[in-house]
Amino acid sequence: MSVSQLPSSIQKIKETNFDVYIGKAEDLMAAGLVKPEQFPPEGKRSVSYLGGVVMSRRCRMDETYLRVCQRNDADMPWLVCVGLPRGELLKRRAEARENRRMEQARSVARCKAELARRELERMPGSERQFVCEAASSIRELADIVFLRRLDEEKSWHGYRFSTEAKESALMAVDAIVEALVQGEVIFDAERHAQIVEAHRAVIRAADPSFYAQLDKLSTPDASILAGEAP
């Protein structure tokens, strides 16, 4: 019986350095994969051969490599590893290297896609949202600097601002925020579209299925385009 015509009672798995066959002892022997005398001796669970000689340590793998191992599975209790001809071995190793390279590339692409997705979610969808987020960022920074960090004497080696100085600084922050709220916002629709498309391209490259969900992430308020934002 040729290996290509294995019975359904034997499971075959292609590994990089050898083929693995799993099944019952009688089926594996009937398929010519292992001889009765090649099973592990009593007291051992596995045995390896190279060129028909028992190996007591790790060895190279070629077409004469054979490993027989007992499994904890009553239905398919034996595993046989059969070495590959040099040409097939080199081919599989090259394929394995390429698969690892491709998986690394896919992993990088997925990370970039996740960052792009987050950027799309963070993009303001209206003039009001843009102004509110800018004002919030300024107030948050002022809160960290003037109300928290400047009161940590350890970080300033004993120096700190007076309450009056901090209150004056916070009043200045209020003035800055007010200037932003009352100021004009210029929306560049073309630039916005370019940024959105750049993020979408990154996501598409990583996983085309993401693209169907993108319209929900970055659709600007129509009033911006019409010049009628509140």
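**Figure 1. Arg 86, Arg 93, Arg 97 and Arg 100 form a positive surface patch.** The model is predicted: local features need pLDDT of at least 70, side-chain atom pairs count only at pLDDT 80 or more, and totals for chains, interfaces and linings use all residues. Residues are numbered from 1 along each chain as its sequence is written, and side-chain values use heavy atoms, without hydrogens or water. A patch takes residues with over 30% relative accessible area and no salt bridge, and joins like charges within 9 Å. The charge of Arg is placed at CZ. Arg 93 is part of helix α2, residues 86–122. Helices are DSSP runs of H or I with at least four residues; strands are runs of E with at least two. Arg 93 is partly exposed because its relative accessibility is 33% (buried is under 20%, exposed over 50%, partly exposed in between; 1.4 Å probe, protein chains only).

**Figure 2. His 199 sits in helix α5, residues 189–206.** Its relative accessible area is 18%, so His 199 is buried. Beyond neighbours within four places in sequence, His 199 contacts Ala 116, Glu 119, Leu 120 and Met 123. Contact means heavy atoms within 4.5 Å.

**Figure 3. Arg 45 occupies the loop between α1 (25–30) and β3 (46–50).** With 41% relative accessibility, Arg 45 is partly exposed. Residues up to four places away in sequence are not counted here: Arg 45 touches Pro 40, Val 68, Cys 69, Gln 70, Arg 71 and Asn 72. Arg 45 and Gln 70 are 25 residues apart along the chain, and 5.3 Å separates their C-alpha atoms.

**Figure 4. Gln 70 belongs to strand β5, residues 65–70.** Gln 70 is partly exposed, at 32% relative accessibility. Not counting residues up to four places away in sequence, Gln 70 touches Arg 45, Pro 77 and Trp 78. Ala 25 is 45 residues from Gln 70 along the chain; their C-alpha atoms are 9.7 Å apart.

**Figure 5. The protein has six helices and six strands.** Along the sequence they run β-β-α-β-β-β-β-α-α-α-α-α. Of the 230 residues, 26% are buried. Among contacts between residues at least 6 apart in sequence, 52% join residues at least 24 apart. The accessible surface is about 15,900 Å², and carbon and sulfur atoms hold 53% of that surface. Areas come from the Shrake-Rupley method with a 1.4 Å probe.

Methods: Patch = residues over 30% accessible without salt bridge, like charges linked within 9 Å, V, L, I, M, F, W, Y side chains within 5 Å. Salt bridge = Lys/Arg side-chain N within 4 Å of Asp/Glu carboxyl O. Lys, Arg positive; Asp, Glu negative; His and termini not counted.
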